[in-house]
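Subject: Structure handover and notes

Hello,

Here is the structure, followed by my notes on what was found in it. Please read the notes with the coordinates open.

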Amino acid sequence: MFVIETTSGRVRGFFDRGVPNWRGIPYGSIPARFQPARPATAASAEPIDTTRWGPVSWQVPMEVTPQRWSPLYPEAVQHEECLNLNIWSARPDRAERQPVLVWFHPGRHMVGGTMRTVDPWAYAGRHDLVVVTANYRLGPWGWLPLAGLDPKFDMSTNLGVRDQLLLLEWVRDNIAGFGGDPGNVTLFGLSTGASDVATLLGIPAAAGLFHQAAVYSGHAELAHRPDDAAELSGRFLTAAGDLVQGPGDLPDATNVALRYIHSQTLRTGPVRYQAVIDGDLVPAAPLRAIADRTATVPVLVSVTSEEAGILEIVQGGTAVDTTYAARFGTGDEPTRREKVARLSAELYVRPAERLLNALHTAGGPCWAQVFDYHPSTSHLAGYPSIARRAVHAADTSALFCDTAGPDGTDADRVVGAREQRALVGLARRGDPGWPAYSPDRPVARWIGSGRSEATDLRPLPLPTTVQESR
């Protein structure tokens, strides 16, 4: 098996369905809780065994009601020391370097990492790209904004973002050894992972670390203002009660205690772990930073046609009504599907449109896409209320399906091939294959079973009532 020399040490992987694969390669180490990570270094002259998944970050619940389902492998190990990555490369010893894909996972910065719903093998095995997935700190370990509460936390803001930058620096410095081109790196992510990608588009420290980006069901509006960050950290400390005497005690609290405090914080309202506009690493709101930047990269922005349908399975199915009432009040009485359509526009499509307009303002090429299908292999297909609907995250299995494999239906594979072809085109040529978006021609390429191959350009899915309110 290939043994590759890296800045983390020599790594020995194995063959995954005939494709060389390295798992759990350390790219950073955490010197202490709530402190920035350091680059991983070689601990021994002996090759590191990278035939097993590395630890994922500690996970915390996203809702007060316990989750019915976990995206992780059953054997997943949770640990604070979780900064590791996985690589698939069909021909690591080739002379001609191939484009690199780096995946950012969903999960609201609370769950996720190496996930059983994501199989990156297809991009190496079927498209001959080099693909990287990674774990980084989640929940309070990576996203609790504690700066200002105690001098020991002066460097604790945006630790999750710093982990992601450390990951991309490792890719830049090492990916050539795996057959990848460090000068052609494409970031892609879904949901929170997509918003991470969008945030990185506006961070000066990320410039040059990637060259294309694809944003699936995410946007550039997930960043705390300093007062919002202070409010979250204050709620967290209040929820701690007698478990800590003050913020300075948090580094010594057990992981179980931190998870408990998080759960108690959830009971006082939504918890949003996200980047903080600190005037330093994140100098401005990401959307504004993207519009103002001088260095641009090609970007694909994708939504599903019925994003907010995912709320049909949240909080026992009541989330559609409660979210609609919180957003729009209770004065009108639309149907359930009308509520979903308006919420989809408000929570996903409008933010995607604002991101596309910011990208266009900056002068970089951008493309819009709408996924209008629900694969039979989707991890959401088992929920009767949303089966066959193109809800949020329904595109996950199309994005990662083996288009030449036995799973799913013929339609699943056709749609998956179209979905993947766009990303591969972006990675290889900087162009997914249809006319670019502009405010004057705000059309998107729609992907769905039975639709035409390249000419199905239609507007983003905005309901008439929302369009009239512009």
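Contact here means heavy atoms within 4.5 Å. With neighbours within four places in sequence left aside, Phe 210 is in contact with Leu 168, Val 185, Leu 187, Leu 200, Leu 201 and Val 297.

On the source: this is a predicted model, in which local features need pLDDT of at least 70 and side-chain atom pairs count only at pLDDT 80 or more, while totals for chains, interfaces and linings use all residues. Residues are numbered from 1 along each chain as its sequence is written, and side-chain values use heavy atoms, with hydrogens and water left out.

Nonpolar cores

A nonpolar core is a set of buried Ala, Val, Leu, Ile, Met, Phe, Trp, Tyr and Cys residues joined through side-chain atoms within 4.5 Å. Buried means under 20% relative accessible area, exposed over 50%, and partly exposed in between (1.4 Å probe, protein chains only). The largest core has 94 residues, of which Ile 87, Val 102, Leu 200 and Phe 210 touch the most other members. Helix α3 (residues 159-174) gives the largest share of this core, 8 residues. Helices (H or I, at least four residues) and strands (E, at least two) are DSSP runs, numbered from the N terminus. Apart from this core lies another, of 40 residues, including Val 19, Val 118, Val 314 and Ala 427.

Val 185, one of the contacts of Phe 210, is in strand β11. Val 185 counts as buried because its relative accessibility is 1%. Beyond four places in sequence, Val 185 is in contact with Val 100, Val 102, Val 171, Leu 209, Phe 210, His 211 and Gln 212. Its C-alpha atom is 8.5 Å from that of Arg 172, 13 residues apart along the chain.

Aromatic pairs

There are 14 aromatic pairs in the structure. Rings of Phe, Tyr and Trp (its six-membered ring) pair if their centres lie within 6.5 Å; planes under 30 degrees apart count as stacked, over 60 as edge-to-face and the rest as tilted. Tyr 123 and Phe 188 form an edge-to-face pair, because the planes are at 70°, with the centres 5.9 Å apart. Tyr 123 lies in helix α1 (residues 121-125) and Phe 188 in strand β11 (residues 180-190), so this pair ties together parts that are 65 residues apart in sequence. Both Tyr 123 and Phe 188 are buried. Ring pairs also link Trp 103, Tyr 123, Phe 188 and Phe 400 into a cluster.

Tyr 324 and Phe 328 make a tilted pair, 4.9 Å centre to centre with 50° between the planes. Both are in helix α8 (residues 319-328), 4 residues apart, about one turn of the helix. Tyr 324 is buried at 3% relative accessibility, whereas Phe 328 is partly exposed at 22%.

A charge sits over a ring if NZ of Lys or CZ of Arg is within 6 Å of the ring centre and within 35 degrees of the ring normal. Arg 342 lies over the face of Phe 328, 3.9 Å from the ring centre. Likewise, the charged end of Arg 458 is over the ring of Trp 446, 3.8 Å from its centre.

Positive phi

Asn 158, in the loop between α2 (139-143) and α3, has a positive phi near 60° and is buried at 5% relative accessibility. Arg 388, in the loop between β16 (366-371) and α10 (396-400), has a positive phi of about 75° and is exposed at 81%.

Regards
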